[in-house]
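I opened my notebook for a look through one protein model. Here is what I looked up, entry by entry.

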Amino acid sequence: MSSYARALAVQNGRAQPVATVRHLHLSATPMVFIPLKLAGEAAAPLAALVGTDPANPRLLVVPQPRNRDLRFAFMAELAEVLLPYIEGLAGVTETVEAKTPYERCADAPQLLVPNRGGIAFTKLLGRSTRFRRTDGPYPVHPSVPVLGQWLTFLSERAEYAGSSALVSMTDALALHWATGQSSMEDANLATQLAWIAPPEGLDGPEAALVAEDPLTSPPAGPETHPDFDGQVLEYAIQAFETSGSAAQVREALRSQLEPTWTLMWQGVRLLRELPEAATVEARWARDRDQFTRETARLAEGGFPRGRVDGAVSAAIRLADLESALQAYEAQRAFDDPLVMIEHRVAGKAFSGEVVAVDATRRIVPAGKTRAAPRPLVTIRTSDPVRLSPGRRLVSSRNRKQRTEIVDITGDLVVIQVNDQMGRGATPAPGSVPEVGDVVCYAELDPSGGQRPRLPAGEDTPWTHGGPPEPYVPTDEDAQEAWS
């Protein structure tokens with residue numbers, strides 16, 4: 001389906017939607033962070049444009065990136081911008097109603113970077129600063145190691161599918177639109193946006209061709225263009241070493257960063273136009289839980305995270321990453337008919353009309369002594385169903401209800417409903433589909449295969465099914481998006 005969407009983009013000369021809703025949280029005041037690094041150096045910052053106000057970015061520059069003192073002065077200046085933003089959010093809490101109520105930060109920081117390279121460089125900045133000493137030989141400003149710990153935290157959250165703490169703009173856009181170029185070319189923010197929202201009078205390919213010019217659309221970082229390095233930056237740094245004035249370096253780097261700053265906020269506006277998916281708030285609540293934990297850990301004087309995880313912590317982390325990915329893929333599919341199409345084409349999900357219901361059926365389940373309601377629902381579908389009897393399925397209508405396939409004959413699929421029907425001898429009204437209903441079932445698990453780890457050891461509003469759904473897309477939404 002993704003390939004089909006790209007083919008349609010080429011045919012129509014414009015990016016095609018591959019989602020009907022927005023699958024990530026967008027903060028009311030996201031922090032846009034555009035870093036640049038010195039070519040040939042792994043973690044030598046060169047400049048950054050950062051801020052929460054589209055009209056008022058703050059430019060930070062290292063006039064000589066090979067100078068250690070200037071690099072850490074840059075990090076201290078970056079801390080002046082980021083730490084008040086992060087710590088201000090940490091100071092506002094809310095009470096989460098659960099069996100054991102607990103306090104959670106009402107909001108969490110959100111850092112937006114242009115691409116995956118920006119995430120990788122943010123991680124390197126965190127690693128190079130969180131272990132620095134504030135006394136003894138080569139001391140740094142006290143804010144630098146604190147910033148390093150927060151950058152490491154945000155970078156680690158970016159590894160979890162569905163997290164919105166540190167977001168690559170190119171990845172966020174690719175999650176919702178398919179362009180007529182390759183995935184590698186989509187890593188160029190300028191050409192990607194040219195396909196999604198081309199200027200007046202141009203189609204996607206024409207606008208992307210213009211956007212490929214590094215003079216009008218400099219690279220979004222963290223690497224700069226080689227021509228800029230050799231023809232502009234080198235002489236500006238030499239001028240700084242000769243005169244001690246960083247004005248020439250600042251203006252040169254400003255010219256490289258400001259076009260990307262404009263593109264970043266254009267991307268934010270495009271994403272805001274999409275309605276938020278039903279399970280986004282639940283995933284953002286998890287980000288806020290983790291932010292609350294990290295705030296408490298640092299307040300207690302917690303040590304910087306190690307460079308390498310221990311065996312046990314690595315295994316736990318891997319399991320958590322896999323669970324988060326599994327849950328995220330399922331939640332996206334149930335939230336969005338365009339995403340579900342991928343699973344329907346693959347035979348892991350199907351949609352159809354209910355043609356028969358045996359709501360009074362009762363059987364004695366294995367390991368039980370009393371008969372219990374186990375209704376059978378027969379669904380006619382035109383989807384290719386590549387599932388076998390006994391497979392457990394989840395319904396898009398009730399993601400907590402457990403069902404399983406009993407039989408597949410031609411275009412008819414018979415499923416058995418196992419729970420979520422009330423405590424009576426017969427199913428409660430509305431707990432079982434009725435004849436004529438259009439339903440969708442999938443071999444997906446929105447819980448990620450395990451219950452989430454809870455801050456207070458009890459249930460929270462975001463376990464399993466998530467919050468009440470503010471927007472429920474339909475197949476008609478998908479058809480309208482494609483048209």
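**Entry on a loop residue.** I began with Gln-420, which I found in the loop between β16 (412-417) and β17 (438-442). Helices here are DSSP runs of H or I with at least four residues, strands are runs of E with at least two, and both are numbered from the N terminus. Gln-420 has a phi near 60 degrees, a positive value in a residue other than glycine. I noted for comparison that most residues other than glycine have a negative phi, and that most peptide bonds are trans. Gln-420 is partly exposed, with a relative accessible area of 41%; buried means under 20%, exposed over 50%, and partly exposed in between, using a 1.4 Å probe and protein chains only.

**Entry on where this comes from.** This is a predicted model, in which local features need pLDDT of at least 70 and side-chain atom pairs count only at pLDDT 80 or more, while totals for chains, interfaces and linings use all residues. Residues are numbered from 1 along each chain as its sequence is written, and side-chain values use heavy atoms, with hydrogens and water left out.

**Entry on the α3-α4 loop.** Tyr-138 lies in the loop between α3 and α4, and its phi is near 50 degrees, again a positive value in a residue other than glycine. Is Tyr-138 buried or exposed? I found it exposed, with a relative accessible area of 62%. Pro-139 is in the loop between α3 (116-129) and α4 (143-157) too, and is partly exposed at 47% relative accessible area. Leaving aside neighbours within four places in sequence, Pro-139 is in contact (heavy atoms within 4.5 Å) with Arg-133 and Thr-134.

**Entry on a cis bond.** Which form does the peptide bond from Gly-221 to Pro-222 take? I found it cis, with omega near 0 degrees. Pro-222 sits in the loop between α7 (204-211) and α8 (226-243).

**Entry on a sheet.** I then traced an open sheet of five strands, in the order β4-β3-β2-β7-β8, with mixed pairing. β4 (58-61) and β8 (166-168) stand at the edges with a single partner strand each, so one side of each is left without a neighbour in the sheet. Two strands pair if DSSP finds at least two bridges between them. Strand β3 (residues 45-51) and β4 run antiparallel and are joined by four bridges.
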